[in-house]
Amino acid sequence: AVDGIFILRNAVAPDKLVPGLETNGAHIAVNAQMATNINGCFACGDAVSGASLVVKAMASGRNVARSIDRFLQTN
């Protein structure tokens with residue numbers, strides 16, 4: 001089951017959209033597995049690192065997909 005998927009824009013700060021979400025300045029704070037401080041909540045791409053090359057954002061998406069898969073397999 002999925003509670004929600006958010007595509008963030010600069011119009012709303014991430015910690016206002018998801019209460020309790022830790023940020024690093026204007027970006028979402030994640031660990032090496034792209035997990036946020038909220039269990040089961042992951043982030044990637046520009047929301048984590050700011051504007052970047054498309055290929056970097058795509059790699060971030062691949063990494064978060066792997067982390068989500070591992071999370072779902074163990075929880």
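This section describes the pocket, the surface patch and selected residues of a predicted model. Local features were considered only at pLDDT of at least 70 and side-chain atom pairs only at pLDDT 80 or more, whereas totals for chains, interfaces and linings use all residues. Residues are numbered from 1 along each chain as its sequence is written, and side-chain values rest on heavy atoms, with hydrogens and water left out.

The largest pocket has a volume of about 1200 Å³. Of its 35 lining residues, G4, I5, F6, C41 and F42 are the closest to its centre. Two or more residues of the lining come from each of α1, β2, α2 and α3, and α3 gives the most, with 4 residues. Helices (H or I, at least four residues) and strands (E, at least two) are DSSP runs numbered from the N terminus. A pocket is an open set of points on a 1 Å grid over the protein atoms alone, where a 1.4 Å probe fits and protein lies on both sides within 12 Å along at least five of seven lines; lining residues have an atom within 4 Å of a point. The volume is the space filled by probe spheres set on the points, which are joined across faces, edges and corners.

Helix α3 spans residues 54-74 and includes S67. S67 is buried, at 6% relative accessibility, where buried denotes under 20% relative accessible area, exposed over 50%, and partly exposed the range in between (1.4 Å probe, protein chains only). Leaving aside residues up to four places away in sequence, S67 touches Q33 and F42; contact requires heavy atoms within 4.5 Å. S60 is also placed in helix α3 and is buried, with a relative accessible area of 12%. With residues up to four places away in sequence again not counted, S60 touches M34, C44 and G45.

M34 itself belongs to the loop between β2 (27-28) and α2 and is buried at 11% relative accessibility. Its phi is near 70°, a positive value in a residue other than glycine. Most residues other than glycine have a negative phi.

The loop between β2 and α2 also holds N39 and G40. N39 is exposed, at 67% relative accessibility, while G40 is partly exposed, with a relative accessible area of 42%. Both residues were compared in position with F71. For N39 and F71, the C-alpha separation is 9.6 Å at 32 residues apart in sequence. G50 is located in the loop between α2 (46-49) and α3 and is buried, with a relative accessible area of 9%. The C-alpha atoms of G50 and N37 are separated by 19 Å, the two residues being 13 apart along the chain.

On the surface, F6, V12 and L17 form a nonpolar patch with about 260 Å² of accessible area together. Patch members have over 30% relative accessible area and no salt bridge; nonpolar side chains (Val, Leu, Ile, Met, Phe, Trp, Tyr) are joined within 5 Å and like charges within 9 Å. A salt bridge is a side-chain nitrogen of Lys or Arg within 4 Å of a carboxyl oxygen of Asp or Glu. Accessible areas come from the Shrake-Rupley method with a 1.4 Å probe, and for residues only the protein chains shown count as cover. V12 lies in the segment before α1 (14-17) and is partly exposed, with a relative accessible area of 42%.
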